[in-house]
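Could you walk me through the local features of this protein?

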Amino acid sequence: MAKRKFEIRCDICGKSFSADAVLPADLVRASVGKLIEQACPAWNDASHICVADLNRFRADYVQHSLETERGELSVLEDQVVESLRQHEILAENPDEEFEEQKSLGQRLADRVASFGGSWTFILLFGAVLVVWIMLNSITLLTTPFDPFPFILLNLVLSCLAAIQAPVIMMSQNRQEAKDRLRAEHDYRVNLKAELEIRHLHSKLDLLLTHQWQRLLEIQQLQTDLLEEIASRGSGRS
């Protein structure tokens, strides 16, 4: 009478198989074991699983890993968009903000400084000097209002220089304040850009780490399948 072959019951499908067609729980990889435990809460260290069910869970794990990888890429894109949507945009035009705060005296000082440093002012002032000197140098004019050496002209030039210098200095001080505001604005924008880039780099590094871990686990599963195929081939021969 032939001896009955020893069989072990699979805790997943409930069928009985020969000992070489069933694996104990301690030989199943932890990543696949977690997936089995989610589908079968009764799974524990003393459980057994048949090769067919194990291969099915291995395929499910590979599919889940690939879907998770694509999902993480989508989540990363959503986080970038949300970060750009929620955070305050720092890129502004400091000139517009500075122009809105200008008073009437400051606007007048800027216009005077702009006109005083132009070729229009130089040509007009040169023409006035020529006319002034010619009117007071004509010999036919018996009583010139500013005879040579043109003391009144010197007084006018001195008064003009005394008034124009502080006005130009006020305009220069405003320009320096505008430059400081622009420099502070550029610093804030550059700092925010640097922090955002570091944040994205950390996310990418974490994503790459997860990808390498999943690829390593998938490669280990493939190695297990190859070892099982090789052991079956050697057992049949």
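Predicted model: local features only at pLDDT ≥ 70, side-chain atom pairs only at ≥ 80, totals over all residues.

Here is a short report on this structure, topic by topic.

## The nonpolar core

Let us begin on the inside. The largest nonpolar core has 15 residues, and those touching the most other members are Val-28, Val-32, Ile-36, Trp-43, Ile-49, Leu-54 and Phe-57. Two or more residues each come from helix 1 (30-39), strand 4 (48-50) and helix 2 (51-86). With four residues, helix 2 gives the largest share of this core.

Leaving aside residues up to four places away in sequence, Ile-36 touches Ile-12, Val-28, Trp-43, Ile-49 and Phe-57.

## Cysteines without a bond

How many disulfides does a search of the whole structure find? The count is zero. Cys-50 takes part in no disulfide, and the nearest cysteine sulfur, in Cys-10, is 3.7 Å away. For a disulfide, the two sulfur atoms would have to be within 2.5 Å. Cys-50 is also buried, with a relative accessible area of 3%.

Cys-40 has Cys-10 as its closest cysteine partner too, but the sulfur atoms are 8.7 Å apart, so they are too far away for a bond. The relative accessible area of Cys-40 is 16%, which makes Cys-40 buried.

## The loop between helix 5 and helix 6

Next comes a loop with some backbone features worth a look. The peptide bond that leads from Phe-148 to Pro-149 is cis, with omega near 15°. Pro-149 sits in the loop between helix 5 (119-137) and helix 6 (151-236).

Phe-150 belongs to the loop between helix 5 and helix 6 as well. Its phi is near 55°, a positive value in a residue other than glycine. Is Phe-150 buried or exposed? Its relative accessibility is 12%, so Phe-150 counts as buried.

## A nonpolar patch on the surface

The surface carries a nonpolar patch formed by Val-131, Leu-135, Ile-138, Phe-145, Leu-152, Leu-155 and Val-156, which together have about 600 Å² of accessible area. Helix 5 and helix 6 are the elements that give two or more residues to the patch. The largest share, three residues, comes from helix 6.

Leu-155 is found in helix 6. This leucine is partly exposed, with a relative accessible area of 49%.

## Salt bridges

Side chains of opposite charge can pair when their charged atoms come close. A search of the whole structure finds four salt bridges. One of them joins Asp-110 and Arg-174, with N and O 3.2 Å apart. Asp-110 lies in helix 4 (residues 104-116) and Arg-174 in helix 6, so this pair ties together parts that are 64 residues apart in sequence. Both side chains belong to buried residues: Asp-110 has 18% relative accessibility, and Arg-174 has 11%.

Another salt bridge links Asp-179 to Arg-182 at 3.0 Å, N to O. These two are three residues apart in helix 6, so about one helical turn separates them. Asp-179 is partly exposed at 36% relative accessible area, and Arg-182 is partly exposed at 26%. Asp-11 also forms a salt bridge, with Arg-9, where the closest N and O atoms are 3.6 Å apart. Asp-11 is partly exposed, with a relative accessible area of 28%, and Arg-9 counts as partly exposed at 49%.

Terms used
Residues numbered from 1 in each chain as written. Heavy atoms only, no water. Buried < 20%, exposed > 50% of the residue type's maximum accessible area, 1.4 Å probe, protein only. Patch = residues over 30% accessible without salt bridge, like charges linked within 9 Å, V, L, I, M, F, W, Y side chains within 5 Å. Areas by Shrake-Rupley, 256 points an atom, 1.4 Å probe, with all protein chains shown as cover. Salt bridge = Lys/Arg side-chain N within 4 Å of Asp/Glu carboxyl O. Core = buried A, V, L, I, M, F, W, Y, C linked by side-chain atoms within 4.5 Å. Contact = heavy atoms within 4.5 Å.
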